[in-house]
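User: Please take a close look at a single part of this structure. Describe what it pairs with and what packs against it, in one connected account.

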Amino acid sequence: MKEEKIALKSSAGKENEPVLENGKKKGKEERPATKIVVRRLPPSMTEEQFKNQVSPLPDIDYFYFVPADMSLTPNAFCRAYINFVDQADLFIFTQKFDGYVFVDSKGTEYPAVVEFAPFQRIPKNRPNRKKDPKVGTIEADPSFISFKERLEAESLENKTAVNASKQHFFETNLVPEKKEAINTPLLEYIKHRRAEKQKAREEKREEKRKRDLDRKKAKEEQRRIKKEEDSSVVKVLNSQNTNKEKPKDKE
């Protein structure tokens, strides 16, 4: 493979930039990582408490503290992002606080984790950024005012319609109208069949009641006859015993 030679390509209004023979720009040198994140801090820790425990800090140009999201309990932790001006200070800070045990107000220990931040860039401060002239003027905007009035009118109409429907519902249901009974040959046939079945059931119940009554009378008659027979047998036996005892008395 041939070595690609670097040439200088000039453009109007721009400084000369290093480019390759094929016209592609040479990639920029990667900037060393200087931004770290301190994770697994106590959830009750504040930014001031963290700064007091890690002070004195070397030269830094960015600091951002993120409070814990308590909805993630028990995995709720605070974290802090720090960007060091000198990378050597970053390594010193990491050696000191990676694994450093922070203690909250209840005495619970939280070993911290220090690592490179996934996103190494830092936001730019723009103090002279032009303010949008429309900020805070929506209440006076004609389009917004007309939209708001139309929305309120529609809401009022919907409420009126709902109230009217409720009133109509109660008026029609609290006082029901009397409806005339509709009579058809089919309904007459059904009524007739029901009456016949009811009559047949009543006749069966009456027959069963009579049979039970006759059976009861027959049983009572049998008991009476048996009782009379038993009493007659007892009388005969008693008379025989008395006849046998009389000759003995004479002797």
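Analyst: In strand β5, Ile-82 is the residue that stands opposite Ile-36; strands here are DSSP E runs of at least two residues, helices are H or I runs of at least four, and both are numbered from the N terminus. The model is predicted, so local features need pLDDT of at least 70 and side-chain atom pairs pLDDT 80 or more, while totals for chains, interfaces and linings use all residues. Residues are numbered from 1 along each chain as its sequence is written, and side-chain values use heavy atoms, without hydrogens and water.

The part examined is β5, residues 78–84. Six of its seven residues are buried, meaning under 20% relative accessible area (1.4 Å probe, protein chains only; exposed is over 50%, partly exposed lies in between). Across the 251 residues of the protein chain, 13% are buried.

β5 pairs with β3 (residues 35–41) in the antiparallel sense, through five bridges; pairing requires at least two DSSP bridges between the strands. β5 also runs antiparallel to β4, and six bridges join these two. Ile-82 of β5 is the bridge partner of Phe-63, and Ala-80 of β5 is that of Phe-65.

These strands belong to an open sheet of four strands in the order β4-β5-β3-β8, with antiparallel pairing. The edges are β4 and β8 (113–116); each has a single partner strand, so one side of each has no neighbour in the sheet. On average, neighbouring strands of this sheet are turned by 20 degrees against each other, direction ignored. Angles run from 0 to 180 degrees between N-to-C directions of lines fitted to C-alpha atoms, for helices over the stretch in contact.

Two helices lie against this sheet. Helix α2 (residues 87–97) touches β3, β5 and β8, and its direction makes about 155 degrees with that of β8; contact means heavy atoms within 4.5 Å. Helix α1 (residues 47–54) lies across β3, β4 and β5, at about 130 degrees to β4.

Tyr-62 lies in β4 (residues 60–66) and is buried, with a relative accessible area of 18%. Beyond four places in sequence, Tyr-62 contacts Tyr-81, Ile-82 and Asn-83, together with Lys-35, Ile-122 and Pro-123. Lys-35 is 27 residues from Tyr-62 along the chain, with 8.5 Å between their C-alpha atoms.

Turning to the side chains, the largest nonpolar core has 20 residues. Such a core is a set of buried Ala, Val, Leu, Ile, Met, Phe, Trp, Tyr and Cys residues joined through side-chain atoms within 4.5 Å. Ile-36, Val-38, Leu-41, Phe-50, Phe-65, Phe-93 and Phe-102 have the most contacts inside it. β3, α1, β4, β5 and α2 each supply at least two of its residues, and β5 gives the most, with four.

Apart from the 20-residue core lies another core of five residues, among them Val-37, Val-66, Tyr-81 and Ala-117. In a regular strand, side chains alternate between the two faces of the sheet.

For context, the protein chain has four helices and eight strands, in the order β-β-β-α-β-β-α-β-β-β-α-α. Of its contacts with a separation of 6 or more, 55% join residues 24 or more positions apart.
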